[in-house]
Amino acid sequence: MTKLETLGARAKAVEHRLGIMSSDEKNRGLLLAANALLDRKEEILAANREDQKRAEQNQIKEALLDRLRLTEERIEGIAEGILQVAALEDPIGEVLSMKKRPNGLLIGQKRVPIGVIGIIYEARPNVTADAFALCFKTGNPVILKGGSDALSSNKKIVEVIRDALAGEGFPADALLLIEASDRETTKEFMRLRGYVDLLIPRGSAGLIRSVVENSTIPVIETGSGNCHIYVDESADLDMALDIIHNAKTQRIGVCNSCESLVLHKSIVERFVPRLVERLDGVEIRGDEEVCKVSKYVLPAVEEDWGTEYLDYILSVRTVNTIEEAISHINRYNTKHSESIITKDYFRAEQFLNEIDAAAVYVNASTRFTDGLEFGFGAEIGISTQKLHARGPMGLRELTSLKYIIYGNGQIRK
């Protein structure tokens, strides 16, 4: 048995125990984990400094450094996220329906854990705690494979949580970490069918594509974010500037930041100069119409329309109609989050109905596509596919269903 198979077997060994835990037991385990992270935050910060030092030596982009960086405030936020998951209603055991058949059988559906969940992710140590919280609450053991850039942070967070669980008699193997960072180990993990029931990748488009193409385990595809904002001819331009500034600059290294802007042609001349001024420090790459208006705009190329920059760069495209805007967005987006700024109700509804994405907004920033903002406490990822789950994945998205049937002696004739 390989090392990975041994990890898989350990996770499978606690699957039943986790699956039958009461909500009170699971919430107590989450409380222990949250308190332990706060009590040992100095250890976690020290480990994170090791990761940051290596990342800086490797000249990692600032956006990725920001994802990697932990502060005292961020650790407090991670602990608070775990407590919020504990406060949420437990979906396990929920009966969705119960119907009586003509033969007297009562047939219903009940929410149950999926099983062992594997998560492959990159330099985001907060995912380690979020994944544990959501999986523990839903009775799913989880095996984590984080990126090498965050290895010290991930090891310490896992150690802290496992110690807290073991100290109170909970199964520490509810949370397991693969410490090897080589590609062969990652590929082997993708083929751990029989031990892992579901695999979720979180990270770059390349990572997600690799998992989808190579995994023999069922995958929920979490997408990269080439998110658009379309400013309609009827838009409140002051509102549009506020929303674009927030969506582009609040955090550049996240998948729900705005990477592409689409403008109705009638507003380009009066809006672009204000946009350039408001987005000081952001490189704007525009089409011919946009470049005519401002000397500070660089010419865009075809590649720009489909790029997730994760940087202070924004592409800007001009369109003549909302139909053209919708067509452009549906062609180049990653099915993540899209927004329209408009005062026109009918155009807002058209945008909502015709845009193909997990989250579609009217007059709001794309930055809200997040498990915490949606009231899920945390998220396991943002699914951009259409089967099983779509959008931020909280507790219910980590459950499966089984039929439960009550009879009183029926036999089939």
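**Walking through the model**

A: D51 lies in helix α3; helices (H or I, at least four residues) and strands (E, at least two) are DSSP runs, numbered from the N terminus. This is a predicted model, in which local features need pLDDT of at least 70 and side-chain atom pairs count only at pLDDT 80 or more, while totals for chains, interfaces and linings use all residues. Residues are numbered from 1 along each chain as its sequence is written, and side-chain values use heavy atoms, with hydrogens and water left out.

Q: Is D51 buried or exposed?

A: D51 counts as buried because its relative accessibility is 0%. Buried means under 20% relative accessible area, exposed over 50%, and partly exposed in between (1.4 Å probe, protein chains only).

Q: What does D51 touch?

A: Leaving out residues up to four places away in sequence, D51 touches L68, D149, A150, L151, S152 and S153. Contact here means heavy atoms within 4.5 Å.

Q: Which backbone nitrogen lies 3.1 Å from a polar atom of the D51 side chain?

A: That of S152.

Q: Zooming out, how many helices and strands does the protein have?

A: The protein has 14 helices and 16 strands.

Q: And what does the C-alpha trace span?

A: About 75 × 65 × 35 Å along the principal axes of the protein.

Q: How many of the residues count as buried?

A: 52% of the 413 residues. The accessible surface comes to about 18700 Å², and 48% of this belongs to carbon and sulfur atoms. Accessible areas come from the Shrake-Rupley method with a 1.4 Å probe, and for residues only the protein chains shown count as cover.

Q: Where does I341 sit, then?

A: In strand β12. I341 has 0% relative accessibility, so it counts as buried. Apart from neighbours within four places in sequence, the contacts of I341 include I229, Y230, V231, M239, N363 and A364.

Q: A364, okay. What separates A364 from T384?

A: Their C-alpha atoms are separated by 20 Å, and the two residues are 20 apart along the chain. T384 is found in the loop between β14 (382-383) and β15 (391-392). T384 counts as buried because its relative accessibility is 10%.

Q: What does T384 touch?

A: Not counting residues up to four places away in sequence, E221, T222, G223, T334, K335 and H336.

Q: Is Q59 buried or exposed?

A: Q59 is exposed, because its relative accessible area is 72%.

Q: New topic: which strand holds Q109?

A: Strand β2 (residues 106-113). The side chain of Q109 makes a polar contact with the side chain of Y403, at 3.5 Å. A polar contact is a pair of N or O atoms within 3.5 Å; within protein, one must be able to donate a hydrogen and the other to accept it, and residues adjacent in sequence count only if both atoms are side-chain atoms.

Q: What about G108?

A: G108 is in strand β2 as well. With a relative accessible area of 1%, G108 is buried. Not counting residues up to four places away in sequence, G108 touches S97, M98, K402, Y403 and I404. The C-alpha atoms of G108 and V95, 13 residues apart along the chain, lie 6.9 Å from each other.
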